[in-house]
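Visitor: Hi! Could you walk me through this model?
Guide: Gladly, here it comes.

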Amino acid sequence: MSRPAAPLTALAAIALLEGLALVAYGIFDAVEAVRVGATGPADVSNGPAIALQIFIFLVFGAGLLWVARGWWGSRRWARAPFLLTQLIALVVGVPLAQAQGGTERVVGIALSLVALVGIALVFTPVVTRALTEEN
């Protein structure tokens, strides 16, 4: 497989990093659930809720890894799930960027900036051309 255009490589890298981050967080949650157990309000900190959260992070992360592969292969189908993911990232990132804690604020700003860069790259002419060419 040949190397895609630079914007497609950047989109693949963004999806790869986001996917790896979600998988890593899912694994972290699983380890913490075993190590510490359920903490927090009983409505959301119980076995089934924690298992569902871990499952969602792992599946969503794996999906983004699949999208990264799609970008690398210049596949048109990668655009829609990637855009949806970036919109969700903005929904999470913007409130985090306004948080009081320093770590939360930095994570929110970084997440929002990466999402905005991803959204902007998706609509560049180079990407559109690469996705409409016959593979």
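**Rings, core and helices**

Guide: Let's begin with Tyr25 and Phe28, which both lie in helix α1, three residues apart, about one turn of the helix. Helices here are DSSP runs of H or I with at least four residues, and strands are E runs with at least two, numbered from the N terminus.

Visitor: What should I know about the source of all this?
Guide: This is a predicted model, where local features need pLDDT of at least 70 and side-chain atom pairs count only at pLDDT 80 or more, while totals for chains, interfaces and linings use all residues. Residues are numbered from 1 along each chain as its sequence is written, and side-chain values use heavy atoms, with hydrogens and water left out.

Visitor: How many aromatic pairs does the structure hold?
Guide: There are four aromatic pairs. Rings of Phe, Tyr and Trp (its six-membered ring) pair if their centres lie within 6.5 Å; planes under 30 degrees apart count as stacked, over 60 as edge-to-face and the rest as tilted.

Visitor: And why is the pair of Tyr25 and Phe28 called tilted?
Guide: Their ring centres are 6.0 Å apart and the planes stand at 35°, so the pair falls in the tilted class.

Visitor: How do Trp66 and Trp77 pair?
Guide: Trp66 and Trp77 are stacked, at 4.1 Å centre to centre with 20° between the planes. Trp66 sits in helix α2 and Trp77 in the loop between α2 and α3, so this pair ties together parts that are 11 residues apart in sequence. Trp77 itself is partly exposed, at 35% relative accessibility.

Visitor: Which residues do ring pairs link into a cluster?
Guide: Tyr25, Phe28 and Phe57.

Visitor: Switching topic: which residues touch the most other members of the largest nonpolar core?
Guide: Leu8, Leu11, Ala15, Trp71 and Phe82 do, out of 22 residues in that core. A nonpolar core is a set of buried Ala, Val, Leu, Ile, Met, Phe, Trp, Tyr and Cys residues joined through side-chain atoms within 4.5 Å. Each of α1, α2, α3, α4 and α5 (125-132) supplies at least two residues of this core, and the largest share, six residues, comes from α1.

Visitor: What is Leu8 in contact with?
Guide: Leaving aside neighbours within four places in sequence, Leu8 contacts Trp71, Ser74, Val127, Ala130 and Leu131. Contact means heavy atoms within 4.5 Å.

Visitor: At what angle do α1 and α5 pack?
Guide: At about 90°, with their axes 8 Å apart. That makes α1 roughly perpendicular to α5, a label for angles of 65 to 115 degrees, whereas those under 35 count as roughly parallel, over 145 as roughly antiparallel and the rest as oblique. Axes are lines fitted to C-alpha atoms, for helices over the stretch in contact, and angles run from 0 to 180 degrees between N-to-C directions. Pro7, Leu8 and Leu11 in α1 meet Val126, Val127, Ala130 and Leu131 in α5.

Visitor: Which residues of α3 are buried?
Guide: Phe82, Leu83, Thr85, Gln86, Ala89, Leu90 and Gly93 are the buried ones. Their cover includes α1 (6-35), α2 (47-72) and α4 (102-122).

Visitor: And the chain as a whole, how many helices and strands?
Guide: Five helices and zero strands. Of its 135 residues, 31% count as buried.

Notes. Buried means under 20% relative accessible area, exposed over 50%, partly exposed in between (1.4 Å probe, protein chains only).
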